[in-house]
Amino acid sequence: MSALNLDDFAQLIERPDADLRQAAEDRRARTPVPPGALGRLDDLGGWLAAVQQRVPVQPVKRPRVVLFAGDHGVAELDVSARPAGGTKDLVRAVLDGVSPVAVLARDAAVPVRVVDMAVDCDPAELPQEVTRHRVRRGSGRIDVEDALTAEEAEAAFRAGMAIADEEADAGTDLVVLGDLSVGGTTAAGTLIAALCGTDASVVTGRGGRPIDDLAWMRKCAAIRDALRRARPVLGDQLELLATVGGADLTATTGFLLQSAVRRTPVILDGVVSAACALVAQRVAFRAPDWWVAGQASGEPAQAKALDRIALNPLLDHGVTAGEGAGALLALPLVRAAAALAAELPVRD
């Protein structure tokens, strides 16, 4: 489909260092705290040692929230509680510091980066550093047309890769990944249903701002129709993203894969990042070893995808706000695991 060869990722991505994970576990066994007493914090400590390639573990000092933004044409079918084309308002709320993720990030002293891939507004309405990677204004209506052209899909994927490189080069040591979109959960549900071989009704949720029964039925029908278009292209992950994904989901997938290449660990947020992670796993089976799932959003499609990737969410607080908020709530847990792994006294 394009000059971009996704097969290269399978060779470029290596697993985190298993020997260092074992060394971290051996070090933990020599601390005065009984085995198992720290629960999943021990698993996180071992994972951090492996991805950092360091024992003892370093503190997480330079995390960053990265949010990919885009509108989806399928939102015209009233499948979301938000109006079609409303992503601009979500982006503006983050930039103005009044959204949940902006408040949480400010409290945790974590910078937030918003990347506009397909927001349906005049680019002049948003800062240039936000819009510089945009590939189009809104993605296509996936129930009847492709979300992107082949060229747009490659551009979006490469933009995600470039942002992963920028973060790695800037010294970001952990990424909290999220999305800003209207209609994005419909595209995500389609990708997950296609890759898991299940029906639309199994993956159709009610979104972060819950929809009523009629909207749920419209969303289910949209995913069903999009699935018919997705199944013939399951063998090509970039073509699949172009057909039923969208610019923001395609960029997120490229970001996840290149982050794994660059050994940058990532906390996943909700159903959109889970869908992209599932696509990325199909490209490179080792890639999920570089990610943790921050929280269970309650979306059935997210649960289906995480089960397929074998990731168990760190938190289940019923947070459905999206936008990376749930993943950001898991950051203190990861930081706590790093502190314990590094600072508990060790017996000779």
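**Close-up views of helix packing and salt bridges**

**Figure 1. Helices α8 and α11 lie oblique to each other.** The model shown here and in the other views is predicted. Two packed helices are described by the angle between their axes and the distance between the axes. For α8 (residues 184-196) and α11 (residues 237-244), the angle is about 140 degrees and the axes are 10 Å apart. Roughly antiparallel would need an angle over 145 degrees, so α8 and α11 count as oblique. The crossing of α8 past α11 is right-handed.

**Figure 2. The contact between α8 and α11 contains no charged residues.** On the α8 side, the residues in contact are A187, T190, L191 and L195. On the α11 side, they are Q237, L240, L241 and V244. Sorted by class, this contact of α8 with α11 has six nonpolar and two polar residues. An α-helix has 3.6 residues a turn, so residues three or four places apart point the same way.

**Figure 3. Helix α11 is mostly covered.** Of the eight residues in α11, seven are buried. These are Q237, L238, L240, L241, A242, T243 and V244. Which helices pack against the buried residues of α11? They are α7 (150-169), α8, α10 (213-230), α12 (247-261) and α13 (271-283).

**Figure 4. Helices α2 and α3 pack with their axes 7 Å apart.** The angle between α2 and α3 is about 140 degrees, which makes α2 oblique to α3. The crossing of α2 past α3 is right-handed. L20, R21, A24 and R28 of α2 touch D42, D43, G46, W47, A49 and A50 of α3. The contact of α2 with α3 is made of five nonpolar, one polar and four charged residues.

**Figure 5. A salt bridge joins R28 and D42.** The N to O distance between these two side chains is 2.6 Å. Are the two partners buried or partly exposed? R28 is buried, because its relative accessibility is 14% and buried means under 20%. D42 is partly exposed, at 22%.

**Figure 6. A salt bridge joins K88 and E125.** The closest N and O atoms of K88 and E125 are 2.8 Å apart. K88 sits in helix α4 (residues 87-95), while E125 sits in the loop between β2 (112-118) and α6 (128-131), so the pair ties together parts that are 37 residues apart in sequence. K88 is partly exposed, with 28% relative accessible area. E125 is partly exposed as well, at 38%.

**Figure 7. A salt bridge joins R224 and D225.** Here the closest N and O atoms are 3.2 Å apart. R224 has a relative accessible area of 41% and is partly exposed.

**Figure 8. Five residues are linked in a network of salt bridges.** The members of the network are R64, R113, R132, E166 and E167. How many salt bridges does the structure hold? The count is 21.

How values were computed: Residues are numbered from 1 along each chain as its sequence is written. This is a predicted model: local features need pLDDT of at least 70, side-chain atom pairs count only at pLDDT 80 or more; totals for chains, interfaces and linings use all residues. Side-chain values use heavy atoms; hydrogens and water are left out. A salt bridge is a side-chain nitrogen of Lys or Arg within 4 Å of a carboxyl oxygen of Asp or Glu. Buried means under 20% relative accessible area, exposed over 50%, partly exposed in between (1.4 Å probe, protein chains only). Helices (H or I, at least four residues) and strands (E, at least two) are DSSP runs, numbered from the N terminus. Axes are lines fitted to C-alpha atoms, for helices over the stretch in contact, and angles run from 0 to 180 degrees between N-to-C directions. Angles under 35 degrees count as roughly parallel, over 145 as roughly antiparallel, 65 to 115 as roughly perpendicular and the rest as oblique. A crossing is left-handed if the near helix is turned anticlockwise from the far one by less than a right angle, and right-handed if clockwise. Contact means heavy atoms within 4.5 Å. Ala, Val, Leu, Ile, Met, Phe, Trp, Tyr, Cys and Pro count as nonpolar, Asp, Glu, Lys and Arg as charged, and the others, Gly among them, as polar.
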